[in-house]
Amino acid sequence: MSEEWGDVLDSWAPTPEHALWRAHSDAINLALLRRWLPEGPLGRVLKTDLFDEAVGTGLVGDLEERAEEVVGIDLAAPVVEAALAPRPGLKGLTADVRSLPFEPASFDLVISNSTLDHFDSVEEIANALDELARVTRPGGMLVITLDNRQNPIVALRTSRAFAGLFRRIGLVPYQLGVTCGHRRLAHLLRSAGFEVMHCPPQVAARLSTRFAPNGRPGAEEHLRRVLRFEGLARLPTRYLTSHFVAACAVRLR
């Protein structure tokens, strides 16, 4: 899997669509963190992948402003190198979230955005959550997002029957794994609060760039248009339309 993510990074094209997709993802994740994280210093922070930072702005810069230290890991060494190149203050390691090279209770906060939804089984997600709990101090916080299995589009594209086809025709640029809906994620975390994010970022980016009025609005206008899809969060259908399911969990002991 690590070699595959290196290949994805090598083939990643900085197209307007990809740039908007990443900007949308960063904006939604940052908004989530700003709502959920406590005020004041964050202590020592772990981010469980660095692909966002390797191909875009990511979340690390925002976290570094309030953290004592931010440590980022990724399964693929090329992704770590690309993320660290413009960020000399970031500590990055090549590591697997299912077997973390850290002492117990090493972190005050763990950010795991769309990391655990690339495995082949729910058991692997559970194992990774056990590892994240191990390295989080008692009273520390985990903020996690996963592709939402209750969304019919996500369910289709992560199914064994169609995942390979979508990858071959370019609708999905990287490997997708099993994932959860909000009930299963709640069960796996045992004690969590939930928030969902709503339009698939790839679809939103494609619609915004393809059907732009007057052909070429600026990047900021594109992003504003895409973020309007988040209004779906107020509807009763939110668990079907949400692209991600998110939870905020506290380690009790």
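Phe-102 and Phe-107 are both buried, where buried means under 20% relative accessible area with a 1.4 Å probe, protein chains only. The model is predicted: local features need pLDDT of at least 70, side-chain atom pairs count only at pLDDT 80 or more, and totals for chains, interfaces and linings use all residues. Residues are numbered from 1 along each chain as its sequence is written, and side-chain values use heavy atoms, with hydrogens and water left out.

Rings of Phe, Tyr and Trp (its six-membered ring) pair if their centres lie within 6.5 Å, and planes over 60 degrees apart count as edge-to-face. By this rule there is one aromatic pair. Phe-102 and Phe-107 form that edge-to-face pair, at 5.0 Å centre to centre and 85 degrees between the planes.

Next, the strands. Strands (E, at least two residues) and helices (H or I, at least four) are DSSP runs, numbered from the N terminus. Two strands pair if DSSP finds at least two bridges between them.

| β2 and β3 (residues 91–94) | parallel | four | Lys-91 |

Six of the eight residues of β2 (residues 67–74) are buried, so this strand is largely enclosed by the rest of the structure. β2, helix α5 (residues 77–84) and β3 make a right-handed β-α-β unit.

Helix α6 (residues 122–135) has 14 residues. Its buried residues include Val-122, Ile-125 and Leu-129. The buried residues of α6 pack against β1, β4 (107–113), β5 (136–147) and α9 (182–189), with contact meaning heavy atoms within 4.5 Å.

Terms used: Buried means under 20% relative accessible area, exposed over 50%, partly exposed in between (1.4 Å probe, protein chains only). A crossover is right-handed if, with the strands pointing away from the viewer, the path from the first strand over the helix to the second runs clockwise. The expected span of a helix is 1.5 Å times one less than its number of residues. Rings of Phe, Tyr and Trp (its six-membered ring) pair if their centres lie within 6.5 Å; planes under 30 degrees apart count as stacked, over 60 as edge-to-face and the rest as tilted.
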